[in-house]
Amino acid sequence: MSTEEIQQKIIEEFAYFDNWADKYEYIIEMGKKLPSLSDEFKTEDNKIKGCQSNVWLHAIMQNGLVEFKADSDSVIVKGLISMLIRVLSLHTPDEIISSDLMFIDKIGMTQHLAQTRSNGLLSMLKQMKFYAMAYKAKAQIT
Amino acid sequence: MITETAPYTTIDIDQIRLDFPILNQKVNGKQLVYFDNAATTQKPSQVIDAISEYYEGYNANIHRGIHHLAEKATSAYEATRATVKTFLNAKSIEEIIFTRGVTESINLVANSYGRHNIRSGDEIIISTMEHHSNIVPWQMLCEEKGAILKVIPINEQGEILFDEYLKLLSSRTKIVSIVYVSNALGTINPVKDIIEAAHNVGAVVLIDGAQSTSHLDIDVQDLDCDFYTFSAHKLYGPTGVGVLYGKKNILNDMPPYQGGGEMIKEVSFTKTTYNELPYKFEAGTPNIADTIALKAAIDYISKLGKSTLAVYENELLAYCTSQLLEINGLRLIGEADQKVSIASFVIDGVHHQDLAILLDGDGVAVRTGHHCTQPLMARMGILGTTRASFSKKKKKSEIDLFINSLNKAIKMLK
């Protein structure tokens, strides 16, 4: 599935919820289901510090696809992360770089990327694209 | 000029709430419950009106113009200074300096008094529970001068270890800078004893009154502190205005902090002479409107009576604390014998940020995180807390809403 199609699917899933609490219940559930990052990847290098909570992001390139793994100490942030991974992980660098993550706005979660949320999520999103750019550049050199 | 409020004989919370227009709104479809008063308090109409009356009626630059508006603005601005003087029981209006807030006041003292008086090897004492704004200016000063920063330890309840403080004091101690009431824990520190002990070794003392000024009666002469500072916005006043009180003889000996207009007596390219106190420390056009409105805030709080309000706030705190303690896995952070209406806590297995997001969905505003006291959080072995801070305008029923919402959130997160 393309990143676009996955986003559409997420938007459809959220369309079922007509209230705020159910939406968050779903995000929390996704957060709890996302496997924790093993300690070897929870390094200072992989850490994206937020004022309130932290995010750890690890990326690897395999068979031309970038795979992301991530974790957070906040379960809601973890739920949001799991959606970002679902959309962006296991795609080519080009797909990741060009993706427009409109689903965040469509499901009403834009405020979590705002400066005041200070949860490292916005930095994580940027970092995911940086990884894709770096892998693309590396592939072009070798 | 200032809207009159009928005097309250007893605490009539419903009446008081009417003075705060912002409280009458819904957040996410729910009635707003504002429990973030330690970050900033909401403003009564009297304060809001004072600001618009100034801009609508007599906006002018102060201390210079000869025209009617300038004179009116100057006298309103100086009326605030006189009100603050009485409010803090300072000896003279020259001891009242307007700043942007506590942070700027501390920086002023560190840069002016500190750089003028601190030498290599001197010591400055703060406590573990200081806000970053009462840590970083002293660290910068120590780094520049080769001085040493000493930190008073605290116990598990969040109280200063007084005996340890006494051990830190010596003839090398030059400045003691202490928070009166902890923003993260609510602890009321024994500042009078702290000041006396510091004076015995010849050190000057600055009291950070950011949290104490709205809750406790402040008498700087009785405390005998050398500096006292507070921010208007934590006292039902506007943001961007604060006060630095300093003893006149100490302020007189201090060099100016910033150069510019207002703080000068005469300027030529070879020599500038400085203005008298308090203007020596007030360079540039000040925040006139908000300073004028600070008087409205102080008049408002004085009319209600801080000590009467404290009784009510303490009842709220006791009720909230008892309700919080019913929650499984909840641990209070800050259990000092003497504390103001701040309830800080952590819950096993629940991240404070997640709690804040879910509470916000219910229209409940609390503060979470490290509260700009990272060293204190490290001492307590936690990353942050959830903090509910009350003011006089709160109701018991709002605490019930908060507790219900909290229980709901915990159930979702665990």
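1. In this predicted model, A:Glu13 and A:Arg86 are joined by a salt bridge between their side chains, with 2.7 Å from N to O. A:Glu13 belongs to helix α1 (residues 3–15) of chain A and A:Arg86 to helix α3 (residues 75–88) of chain A, so the pair ties together parts that are 73 residues apart in sequence. Side chains of opposite charge can pair when their charged atoms come close. Over all chains, the whole structure holds 27 salt bridges.

2. The contact of chain A with chain B deserves a separate point. Chain A contributes 17 residues to the contact and chain B contributes 15 residues. About 1,400 Å² is buried between chain A and chain B, and 57% of this area lies on carbon and sulfur atoms. On the side of chain A, the residues that lose the most area to chain B are A:Trp20, A:Gln52 and A:Ile76, which together account for 41% of what that side buries. How many salt bridges are counted between chain A and chain B? The count is zero.

3. Chain B is assigned two stretches of domain structure: domain 1 (13–43 + 305–413) and domain 2 (50–302). Taken over C-alpha atoms, the centres of domain 1 of chain B and domain 2 of chain B are separated by 28 Å. In the contact of these domains of chain B, 41 residues of domain 1 meet 37 residues of domain 2. The area buried between domain 1 and domain 2 of chain B is about 3,100 Å², with 53% given by carbon and sulfur atoms. Within the area that domain 1 of chain B buries against domain 2 of chain B, B:Lys306, B:Val340 and B:Arg379 supply 23%, more than any other three residues.

4. Charged pairing can also be examined at this domain interface. One salt bridge is found across the interface of domain 1 and domain 2 of chain B. B:Arg379 forms a salt bridge with B:Glu156, and their closest N and O atoms are 3.1 Å apart.

5. Helix α4 (residues 102–117) of chain B provides the largest share of the lining, three residues. Sorted by class, the lining of the second largest pocket comprises seven nonpolar, nine polar and six charged residues.

6. Most residues other than glycine have a negative phi, and most peptide bonds are trans. The peptide bond from B:Leu277 to B:Pro278, however, is cis, with omega near 0°. B:Pro278 is placed in the loop between β12 (272–274) and α10 (288–304) of chain B. B:His371 is not a glycine, yet has a positive phi of about 55°. B:His371 is found in the loop between β16 (367–369) and α13 (374–380) of chain B.

Definitions and conventions:
Residues are numbered from 1 along each chain as its sequence is written. Chains are lettered from A and ligands numbered from 1 in the order in which they are written. This is a predicted model: local features need pLDDT of at least 70, side-chain atom pairs count only at pLDDT 80 or more; totals for chains, interfaces and linings use all residues. Side-chain values use heavy atoms; hydrogens and water are left out. Helices (H or I, at least four residues) and strands (E, at least two) are DSSP runs, numbered from the N terminus. Ala, Val, Leu, Ile, Met, Phe, Trp, Tyr, Cys and Pro count as nonpolar, Asp, Glu, Lys and Arg as charged, and the others, Gly among them, as polar. Contact means heavy atoms within 4.5 Å. Buried area is the accessible area (1.4 Å probe) that two parts lose on being put together, summed over both. A salt bridge is a side-chain nitrogen of Lys or Arg within 4 Å of a carboxyl oxygen of Asp or Glu. Domain bounds come from an automatic or database domain assignment.
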